Amino acid sequence: MFWQEEIEVISREELQRIQLYSLQETIRRLYYNVPFYNQKFRDVNLKPDDIKSLEDIQRLPFTTRDDLRENYPYGLLAVPREKIVRLHTSSGTTGKPKAIFFTKKDIDQSAELIARCLIMTGVKSDDILQNMMTYGLFTGALVMHYGAEKVGILVIPAGPGNTERQIALMQDFGSTCLHLTPSYALYLAEVMDSKGIVPQRDLSLRRAYLGAEPYSEETRIKLENMLGIDIYNSYGLSEMNGPGVAFECKYKDGMHIWEDNFLIEVLDPDTDEPVPEGQEGEIVLTTLKREGMPLLRYRTKDIAKIIPDTCRCGRTHKRISRIFGRVDDMFIVRGVNIFPQQIERVLMGIKGVAQNYQIHLEAYDKMTVKVEIEQDFFDGNIEKLLALKSRITEKLKSEILVTPQVELLEPGTLPISEGKAQRVIDNRNL
Amino acid sequence: MAKIREIAVFAENKPGKIEKITGVLAREGINILAITIASTNGFGIIKLIVDKTELAYQKLKESGLTVSLNEVLAIAMKDRPGQIHDIALVFSKNGINMENAYVLVEETRKQAYLIVQVKDIERAKKLLEKENLKFYDE
Ligand SMILES: [Zn+2]
């Protein structure tokens, strides 16, 4: 089943022709409407007319998350502010988030892509989607919501958390599809198990869409067995609309990336040169249809590879593998992007906290921040330490929007470290 | 009025902390006169009164522990029922909050003291001296 069959099975030649046309059109709009891009083009002495083939994209400048931050809030709009109808944000390494804007057309287009994804996995008009991603500034839930409504199925905007209520909703309304993070899916499956709920017997679930966090094939199989459903991998990032950039078809062998909307490059993160097809590299994406805030060669920092060969489902859009990792040290908790630098900045602003810290990620929802106290801060007063602990918890919560457990440690307890490996200890086994 | 000082040691909820402290003190021939452990969700504080306070403080610090030295009130207790209650009454009458309290028994076992931590020790001393309470004499 297809949502937009003619474009989903389009010939590669025709697809590339559309891509080139859309790329040239995007470049013209950026050149004339966005001073930031205009300057970038001037810096490398390029005019829109110089882009004559898809390969010419390699001559174009990159866009990084720092560029998004520096142009915060409205700097990257390619249309008048009045044409923007929705704002989403995504966290950045420093205080300011990244702002992503949608025009009416952008919202409609992102919903079309989700509709393609859902139909691709076999969704029919009687399906009921329980959307367990976070509604709000993050893109995860709303973009999926609009796409499911476009398909015309019933959407339950459950949001994350409150697992008992989630299960009750499934029981009461007969939800058939779930949209959630893999860590929450594991937690949900455990809770069902402990309550003696057998999904195959007691619920109507058919499939789940797991995204926003990287996870392994083993986790997929484990969850499919526990829940008795099909699980489809979903890839997206706020800067590129959110979910629906790439999605698995029923063969579950890589995610089709909608190439009429996104031009994908896989680059060696060190040399910025393209890697041969099938090799791992950083995913770099260019929006081809976006109106409000087109982005050129956006460095996603996600490491994946393109799966060569065409898919048995007949779709001609290339497939990407699951995400193997990140070029940077971002990690994701409850579908929320978090950078260790955000945590560091909060901690360093609190009196009594020493230099060193560590972030431990356990099962769903459990994030422990281990903090060393300063030698001189300690005066034997337990109330003072408790107050420090709650101050750290509150400040972290308002920065990262996830409430961590805070553990106070003696100075000198944690290994002195730099970089992600030792700062973030991920025991989630996703 | 003589003062008495208490050593406080920060302790994560990790086994072995007390052994480490007592080990250091035993090696230096320091006697523990009183010990109390306040623990909360996640961490705790071990408080000690010892016979060689300054030496104990230095040695514990050298061993890598997070230590602080604080002045506390040591109020002589009479050997009769309701004594702690009587002292508590004096405190509340004077508007002094007992933040932490435990009992220390003299080595000769003749006299017991109530060790009390308060926020403003100078103010507390001034008020309590008027109340006919006796203090530890170092
Ligand atoms: Zn396919």
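1. In chain A, four strands make an open sheet, in the order E10-E11-E12-E15, with antiparallel pairing. Helices (H or I, at least four residues) and strands (E, at least two) are DSSP runs numbered from the N terminus, and two strands pair if DSSP finds at least two bridges between them. The edge strands are E10 (262-267) and E15 (325-326) of chain A, each of which pairs on one side only. Strands of a sheet pair through backbone hydrogen bonds, either parallel or antiparallel.

2. This is a predicted model, in which local features need pLDDT of at least 70 and side-chain atom pairs count only at pLDDT 80 or more, while totals for chains, interfaces and linings use all residues. Residues are numbered from 1 along each chain as its sequence is written, chains are lettered from A and ligands numbered from 1 in the order in which they are written, and side-chain values use heavy atoms, with hydrogens and water left out.

3. What joins E12(A) to E15(A)? The link between strand E12 (residues 298-304) of chain A and E15(A) consists of 2 bridges, and the two strands run antiparallel. Ile303(A) has Gly325(A), in E15(A), as its bridge partner.

4. Arg297(A) is in the loop between strand E11 (281-287) and E12 of chain A. Its phi is positive, about 45°, although Arg297(A) is not a glycine. Arg297(A) counts as buried because its relative accessible area is 2%; buried means under 20% relative accessible area, exposed over 50%, and partly exposed in between (1.4 Å probe, protein chains only).

5. Asn241(A) also deserves a check of its backbone. Asn241(A) has a positive phi of about 90° and is not a glycine. The loop that holds Asn241(A) runs between strand E7 (230-237) and strand E8 (242-248) of chain A. With a relative accessible area of 7%, Asn241(A) is buried.

6. The peptide bond between Tyr72(A) and Pro73(A) is cis, with omega about 0°. Pro73(A) sits in the loop between helix H4 (65-70) and strand E1 (84-90) of chain A. As background to this point and the two before it, most residues other than glycine have a negative phi, and most peptide bonds are trans.

7. Is strand E19 of chain A mostly covered or mostly open? Strand E19 (residues 367-373) is mostly covered, with 7 of its 7 residues buried. Met367(A), Val369(A), Val371(A) and Ile373(A) point one way from E19(A), while Thr368(A), Lys370(A) and Glu372(A) point the other way; all are buried.

8. E19(A) has pairings with two strands to note. With strand E18 (residues 353-361) of chain A, E19(A) pairs in the antiparallel sense over 6 bridges; Val369(A), in E19(A), is the bridge partner of Ile359(A). With E20(A), E19(A) pairs in the parallel sense over 5 bridges, and the bridge partner of Glu372(A) in E20(A) is Leu409(A).

9. Next is the interface. The contact (heavy atoms within 4.5 Å) takes 15 residues from chain A and 22 residues from chain B. Chain A and chain B bury about 1500 Å² between them, with 57% of it on carbon and sulfur atoms. Buried area is the accessible area (1.4 Å probe) that two parts lose on being put together, summed over both. In chain A, the residues that lose the most area to chain B are Phe378(A), Ile382(A) and Glu410(A), together 40% of what that side buries.

10. Which side chains meet in a salt bridge? They are those of Glu410(A) and Lys17(B), at 2.3 Å, N to O. A salt bridge is a side-chain nitrogen of Lys or Arg within 4 Å of a carboxyl oxygen of Asp or Glu, and the rule finds 1 across the interface of chain A and chain B.

11. On the side of chain A that touches chain B, helix H12 (382-400) and strand E20 (405-409) of chain A are the elements that give two or more residues. H12(A) gives the most, with 4 residues.

12. Gln83(B) is in helix H3 of chain B and is buried, at a relative accessible area of 6%. Not counting residues up to four places away in sequence, Gln83(B) touches Ala76(B), Met77(B) and Lys78(B). Gly95(B) lies in the loop between helix H3 (83-93) and strand E5 (100-105) of chain B, and counts as exposed because its relative accessibility is 53%.
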